[in-house]
Amino acid sequence: MANYNYCAENSFQSNKDEILYMPSYSSVIYELSEKDGVTNYMNLDFQGLMPDISFFSSLKGKRTEDKFKLMKDGFAYYYSFNANDTHILIGFVYEDKYYLCFINRFSQETSIYDLPSQFQILTLTNNQLYLRSNDSDNPIVVNISSLND
């Protein structure tokens with residue numbers, strides 16, 4: 001159980017007839033289907049924000065608190081995962097700043113934006129991103145149609 005405390009949860013997102021799966025601390029997103037299993041994958045460039053296997057090997061024998069500190073100090077953590085027909089959205093924290101990473105499902109190009117810390121992601125539709133502010137429970141709607149260009 002000590003390893004569980006510092007690992008991010010695996011991320012799943014259901015979208016129509018597929019399930020998108022991103023293993024914890026990974027830069028790969030798999031598309032799964034009920035009848036065909038793994039149908040596709042995207043190996044994304046997160047610009048060094050995700051650790052490699054050698055990093056995890058270096059954590060053996062360390063205390064849980066030390067493992068999380070090493071993870072938090074060097075890599076992205078706390079993920080949210082949403083998808084629509086054209087984009088996958090991954091929210092994450094890096095060096096105590098929040099970011100939104102939009103991934104074009106067809107070209108697999110990524111666009112990363114700052115997200116002010118007073119906002120949380122609620123959901124993503126084909127044309128809009130819904131956020132919530134710490135100051136209000138009313139959703140804030142952001143048009144994302146410009147990302148489709």
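Trainee: Which residues have the most contacts inside the largest nonpolar core?

Mentor: Bearing in mind that this is a predicted model, the largest nonpolar core has 18 residues, and those with the most contacts inside it are Ile29, Phe46, Ile88, Ile90, Phe92 and Ile103. At least two residues of this core come from each of strand 2 (18-22), strand 5 (77-83), strand 6 (87-94) and strand 7 (97-104). Another core, of 10 residues, lies apart from it and includes Leu100, Leu115, Ile121 and Leu124.

Trainee: What makes the pairing of Glu31 with Arg105 a salt bridge?

Mentor: The closest N and O atoms of Glu31 and Arg105 are 3.9 Å apart, and a salt bridge requires such atoms to lie within 4 Å, so the pair qualifies.

Trainee: Why does Glu31 count as buried?

Mentor: Buried means under 20% relative accessible area, and Glu31 has 12% relative accessibility, so Glu31 counts as buried. Arg105, at 13% relative accessibility, counts as buried too.

Trainee: How do you know whether Asp137 is buried or exposed?

Mentor: The cut-off for exposed is over 50%, and because Asp137 has 62% relative accessibility, Asp137 counts as exposed. Asp137 forms a salt bridge with Arg132 at 3.8 Å, N to O, while Arg132, with a relative accessible area of 31%, is partly exposed.

Terms used: Residues are numbered from 1 along each chain as its sequence is written. This is a predicted model: local features need pLDDT of at least 70, side-chain atom pairs count only at pLDDT 80 or more; totals for chains, interfaces and linings use all residues. Side-chain values use heavy atoms; hydrogens and water are left out. A nonpolar core is a set of buried Ala, Val, Leu, Ile, Met, Phe, Trp, Tyr and Cys residues joined through side-chain atoms within 4.5 Å. Buried means under 20% relative accessible area, exposed over 50%, partly exposed in between (1.4 Å probe, protein chains only). Helices (H or I, at least four residues) and strands (E, at least two) are DSSP runs, numbered from the N terminus. A salt bridge is a side-chain nitrogen of Lys or Arg within 4 Å of a carboxyl oxygen of Asp or Glu.
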